[in-house]
There are 2 protein chains.
Amino acid sequence: MKKRYLLGSLLPIIAAALLVAATPPDAVLKKVRQYRQRHEHELLAEYTQLLSIPSVAADSAGLRRTATTIAAMMRQRGIAHVQLLGATTPGVPPAVFGEVRVPGATRTLVFYAHYDGQPVNAAQWAPGLSPFKPTLASGSLASGGQLLPPPAAGTPLNAEWRLYARGSSDDKGGVMTILAAYQALAQSGVKPTVNLKFFFEGEEEGGSPHLGELLGQHRDLLQSDLWIICDGPVHQSGRKQVVFGARGDVNVGLTVYGPKRPLHSGHYGNWAPNPAMALARLLGSMKDSTGRVTVAGFYDDVVPLTASEKDALHRVPNIDDDIRRELGFARPDGQGQSLVELINQPSLNINGMRSANVGPQAANVIPTIAEAELDLRLVLGNDYQRQIAKVVRHIERQGFFVTHAEPTDAERARYPHLIRVAPETGYNAQRTPLDLPLARSVVQAVQSTVAQPVVLLPTSGGSLPLYVFKQVLGATTITVPIANYDNNQHAENENIRLGNLWEGLETMAAVMTMK
Amino acid sequence: MKKRYLLGSLLPIIAAALLVAATPPDAVLKKVRQYRQRHEHELLAEYTQLLSIPSVAADSAGLRRTATTIAAMMRQRGIAHVQLLGATTPGVPPAVFGEVRVPGATRTLVFYAHYDGQPVNAAQWAPGLSPFKPTLASGSLASGGQLLPPPAAGTPLNAEWRLYARGSSDDKGGVMTILAAYQALAQSGVKPTVNLKFFFEGEEEGGSPHLGELLGQHRDLLQSDLWIICDGPVHQSGRKQVVFGARGDVNVGLTVYGPKRPLHSGHYGNWAPNPAMALARLLGSMKDSTGRVTVAGFYDDVVPLTASEKDALHRVPNIDDDIRRELGFARPDGQGQSLVELINQPSLNINGMRSANVGPQAANVIPTIAEAELDLRLVLGNDYQRQIAKVVRHIERQGFFVTHAEPTDAERARYPHLIRVAPETGYNAQRTPLDLPLARSVVQAVQSTVAQPVVLLPTSGGSLPLYVFKQVLGATTITVPIANYDNNQHAENENIRLGNLWEGLETMAAVMTMK
């Protein structure tokens, strides 16, 4: 691979930067913006290289290559103590660490992003796109954007352009933005006001199963006053937002068993039980027609919002109708509650469902198995193990015998309804109080980069392992997202709007120089 | 492709055979069996070549190549008037026709089989197998059979061996058996008692959408007293069977629509409606827990069985418990009714179901669509259009707006539940009375080849376009199947037991020399 890095050997310049006096917020914004405008082609080229490296759980070599590439990007920016933090458990993708000690700074912020992406099914991407061949488009393909050739040198990049690739928004975008922000400050001679640490994880999309182990092993290295989590989208209104918590998350795989071999649907139809039908009936039993989960006790345990959290929710712009129209559906779930109200409740989602084939490959068969992948999101007070137990109890109440392995012949002979339940590793929700002094500083910093009021969200609908930081390190976390909301993260055609990369750079630079 | 045909130029021998006197049944059986035993290697080699040609609806060139290969096989056997019967509609796979006029014969039988197979998903086949690379195994792979190398010349072939390939049982097996039976008779100097016509269709697995057109265009050529349909399995007990009818069949594709683009299941979960859940609820509403279809009027219109049909049903060996154990499930659908009772009722089966991804490709998303393929089987009295209309009405009653195209933005904005219903071409059921004189002759012929009583089945659970023969030609049809019941027809790992090929050859030869 041909690597193109921005900074030849800039260590002397960076060292000089650290000696200059504190710069007022407006001046910082102006400087980093100018720096970006002068270097956006190089930044885009470097980001394109980073996105070209496959980084999904199924490709551990690709993940490792991504980690070493990020480490090299950090070293070239003069970041100190760059290292791959490995877990004791073998085969775990390493986290990438580095730091910048700022003379006179009394507070330390760790900037977190993750370099792994959600699994990909390349066949589902739009024609001309491929998950690890980053491609520019003139806008969102869903709204008529057209694919573009690589931009000619010297021509300004349009902020509305999109860069399509797995991880472009979630969350190599976080890695790139953080590193570009530090670089812009250093190259512009602006001194950060806080000590900076960097921690880029490689297992977030797999539920961060070894994050606790990693944090525990590197407790001293990771000491800080606050973690800044750069992941997720800005508000759908386009406003920047600061998010104080995240839902917890756990996936549960379900496999319903039918006959051992696929049967002719004519010769055996009506008689041999169909696992797709059994799975459909089971899934259908989990929600009512308004989308409310019918699993007993599903909404118990929820810790109510505080007065300031409720207040913040009321101030969030309501864009529900606009998004609903854009997404093309007539009625949301949730009996009239708003999106922000609903993400403060636990959820149950079918991520995927499959039995035999559909479309041109469909054959007249009774399938042998039917599978579904559930996604349970948790809010403060829920415990992921307890939430799974409730779902399992529900499944049993529908008449299923629940196993955690392939059913044995004896089980097949005994139980009319057989299901394998395979919970993955998960974690609980976490919320940071809105009124901590450090939180106010972060909000102020973000606000200093834009005129429109920054949205304060008590919790994100998405998940981050914030609970693990709290449990293992006692750490406080605040999330500062940068991606466009319509980024198709987790799905085919993931993309980032260039404007969001550049605005994110300004946001991160502001936090690094916060009061 | 290297072709190896059995008969160099055998026309003189065949012509001689037609002059000999009628041979008694026992002697016919002995002669064709000896012939097969001496030539089984060559027959297997020829069949393997035929199975190597891809013949699925998605590959029209492969279908055409299969048809011309079969025509060549027929010409080499000295069959007269071999021709490809094309439909007026372009692109339709041709039927292959040929005939043998027997001096003195007063009755004409058309032997029908189809050379197209069900769609394939090669990835689902067992390791070492590929749909169009025929492979021998020492027995059913599902029961511990092992893959075998091609057999050494001169060693006898074990009747328990299986040949794995798409179409091996359904229904190139029918084509091969019919042609091999005629060859064995001709080569053994046995004169058929009836005029023979051959009609091999290429669109059966697609619901025979142009069969009526083809039959109508070649009405004179196809005049006969009876059609012998060679398709489907012998009885699960291993006994030969004669089947007097078939269920009708129609497939219906369903697509439920969710948000226009896939959404992060955290940021939008609880709020954006999930099409997989909507589809699950809909499918789950179509049957009760005993497998009875809850679609209003679904069991109406059914023509009751006659006294002789009921009597025949009572004589069918009940193997339900044995098969249930073998297939590994505890309780069949149908509230205690037997398999043969249940196949005399209309059915609704989920052939396949899919939304987004499961397993390693599953991502935390709210999918954009959820799809299912339904298979409706029909019995005498049902009309396939009427049966579809009942299902559509049921879907509407569940609150869906039914469309037959991609929904428009206006439809998306208006209807909370949107579904696309795509019915394919289908046909109705057909049953031939058990007591027709010709039917008795066929049963007697089949019975003459085995000691165990032949099973008489008023209808097959599977489907054949018998209704079309009746409608267009006024033709009578009787089905004489030859495949093993555990052949995975319609699914991955389709296979035929060699013993069934050889016993089928004897069956067909007996029918060709029936009294």
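Guide: What follows is a short talk about confidence, then some strands and a sheet.

Visitor: What should I know before reading it?
Guide: This is a predicted model, where local features need pLDDT of at least 70, side-chain atom pairs count only at pLDDT 80 or more, and totals for chains, interfaces and linings use all residues. Residues are numbered from 1 along each chain as its sequence is written, while chains are lettered from A and ligands numbered from 1 in the order in which they are written.

Visitor: What are the ipTM and pTM scores?
Guide: The model has ipTM 0.87 and pTM 0.86.

Visitor: And what is the mean pLDDT of chain A?
Guide: The mean for chain A is 93, with 96% of its residues at 70 or more. pLDDT is the predictor's confidence in each residue, from 0 to 100.

Visitor: Where does pLDDT stay under 50 in chain A?
Guide: Over residues 1-20 of chain A. The model has 28 contacts beyond four places in sequence for that stretch; a contact means two C-beta atoms, placed from the backbone, within 7 Å. Where pLDDT is low, the predicted coordinates should not be read in detail.

Visitor: Now strand E10 of chain A. How many of its residues are buried?
Guide: 12 of the 13 residues in E10(A), 245-257, are buried. Buried means 20 or more other C-beta atoms within 10 Å of the residue's own, with C-beta atoms placed from the backbone. Strands here are DSSP runs (E, at least two residues), and helices are too (H or I, at least four), numbered from the N terminus.

Visitor: Which strands does E10(A) pair with in the antiparallel sense?
Guide: E14(A), residues 369-378, is one of them, over 10 bridges, and there A:Asn251 has A:Asp375 as its bridge partner. E16(A), residues 418-423, is joined by 5 bridges, and E17(A), residues 430-431, by 2. Pairing requires at least two bridges found by DSSP.

Visitor: What about a parallel partner?
Guide: E19(A), residues 460-463, pairs in parallel with E10(A) over 2 bridges.

Visitor: Switching to chain B, what is the strand order of the open sheet?
Guide: The order is E5-E4-E6-E21, 4 strands with antiparallel pairing.

Visitor: Why do E5 and E21 of chain B have one side without a neighbour?
Guide: Both stand at the edges with a single partner strand each, so one side of each has no neighbour in the sheet.

Visitor: What packs on that sheet?
Guide: Helix H14 of chain B, residues 498-512, touching strands E6 and E21 of chain B. Its direction makes about 65° with that of E21(B), where axes are lines fitted to C-alpha atoms, for helices over the stretch in contact, and angles run from 0 to 180 degrees between N-to-C directions.
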